[in-house]
Amino acid sequence: MRIDILTLFPEMFLGPFSASIVKRAIERKKAEIIIHNIRDYSTFKHKSVDDAPYGGGAGMVMRIEPIAILIEKLKRERSYDEVIFLCPDGELLEQKTVNDLSLNQNIILLCGHYKGVDERVREHLITKEISIGSYVLSGGELAAAVLSDAIVRLLPGVLNDETSALNDSFQDGLLSPPVYTRPAEFNGWKVPDVLLSGDEKKIENWKEEKALERTKNRRPDLLK
Ligand code: ADE
């Protein structure tokens with residue numbers, strides 16, 4: 001899968017994709033993540049990418065021109081399944097959306113900044129708008145990194161059996177049960193006996209019970 005990220009701050013992506021699972025996915029050529037600087041596509045003298053809002057008001061608005069030039073250039077090179085705008089007023093991101101997006105070949109992620117982007121970008125160039133939570137970030141970059149990470153770990157051949165995404169919280173509508181590792185006792189705090197019993201059926205039942213209990217206590221909305 002190929003993810004093209006359009007941003008005014010390419011340096012914000014130096015960290016998130018250079019460690020752990022996403023880094024490995026890129027090295028194994030399961031995912032390709034290309035960062036584009038929107039500023040490179042400004043035809044204005046000083047490479048400006050924003051302007052004051054029509055009708056007045058505080059803050060600057062990202063101009064449509066460099067964004068449109070960049071998206072059109074990418075679309076001439078290959079076809080895209082989605083052009084996604086990360087914004088606080090988009091559809092709230094859920095695991096189901098991540099699962100669906102992971103089936104795509106090519107997607108574009110557009111990161112907004114300042115007071116937002118010219119509404120005509122959203123009307124004519126964007127196919128989907130996603131928010132990663134009901135709070136405002138200073139731009140879409142961290143949201144694009146979160147979304148990319150969530151997608152890339154689901155791509156075939158990225159996780160091995162042990163870390164399989166099938167057991168993730170949310171995949172079966174439940175939170176994951178608690179996990180423990182050695183030592184069996186620390187400071188007098190014990191690992192539940194059942195996990196040391198070797199009885200697979202009992203262990204499986206315990207995990208299901210704990211997943212349900214945890215979901216009831218922490219995220220009852222998931223059970224509705
Ligand atoms: N940009 C600013 N805030 C955001 C959020 N919560 N989700 C996605 N993009 C954003």
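How many Å separate the centres of domain 1 and domain 2, taken over C-alpha atoms? In this predicted model, the domain assignment of the chain gives domain 1 as residues 2–152 and domain 2 as residues 169–223, and the centres of these two domains, taken over C-alpha atoms, are separated by 37 Å.

The ligand is surrounded by 13 residues, and the closest of them are Cys 87, Ile 132, Gly 133, Tyr 135 and Leu 137. A polar backbone atom of Cys 87 is 3.1 Å from a nitrogen atom of the ligand, while a backbone N or O atom of Ile 132 lies 3.0 Å from a nitrogen atom of the ligand, and a backbone N or O atom of Gly 133 lies 3.1 Å from a nitrogen atom of the ligand. Taken alone, the ligand exposes 260 Å², and 96% of that area is buried by the protein.

Where does this ligand sit, and which elements make up its shell? The space that the ligand takes is the second largest pocket, and the elements that give two or more residues to the shell around the ligand are strand 5, spanning residues 82–92, and strand 7, spanning residues 128–131. Strand 5 provides the largest share of that shell, with 3 residues.

Most residues other than glycine have a negative phi, and most peptide bonds are trans. Against that background, Lys 29 has a phi near 60°, a positive value in a residue other than glycine, and the place of Lys 29 is in the loop between helix 1, residues 20–27, and strand 2, residues 32–37. The other feature is a peptide bond, the one from Arg 182 to Pro 183, which is cis, with omega near 5°. Pro 183 is found in the loop between helix 5, residues 141–152, and strand 8, residues 185–186.

Definitions and conventions
Residues are numbered from 1 along each chain as its sequence is written. This is a predicted model: local features need pLDDT of at least 70, side-chain atom pairs count only at pLDDT 80 or more; totals for chains, interfaces and linings use all residues. Side-chain values use heavy atoms; hydrogens and water are left out. Domain bounds come from an automatic or database domain assignment. A residue is near a molecule or strand if one of its heavy atoms lies within 4 Å of it. A polar contact is a pair of N or O atoms within 3.5 Å; within protein, one must be able to donate a hydrogen and the other to accept it, and residues adjacent in sequence count only if both atoms are side-chain atoms. Accessible areas come from the Shrake-Rupley method with a 1.4 Å probe; for residues, only the protein chains shown count as cover. On a 1 Å grid over the protein atoms alone, a cavity is a set of points where a 1.4 Å probe fits but cannot get out, and a pocket is an open set with protein on both sides within 12 Å along at least five of seven lines; lining residues have an atom within 4 Å of a point. A molecule sits in a cavity or pocket if more than half of its atoms lie within 2 Å of its grid points. Helices (H or I, at least four residues) and strands (E, at least two) are DSSP runs, numbered from the N terminus.
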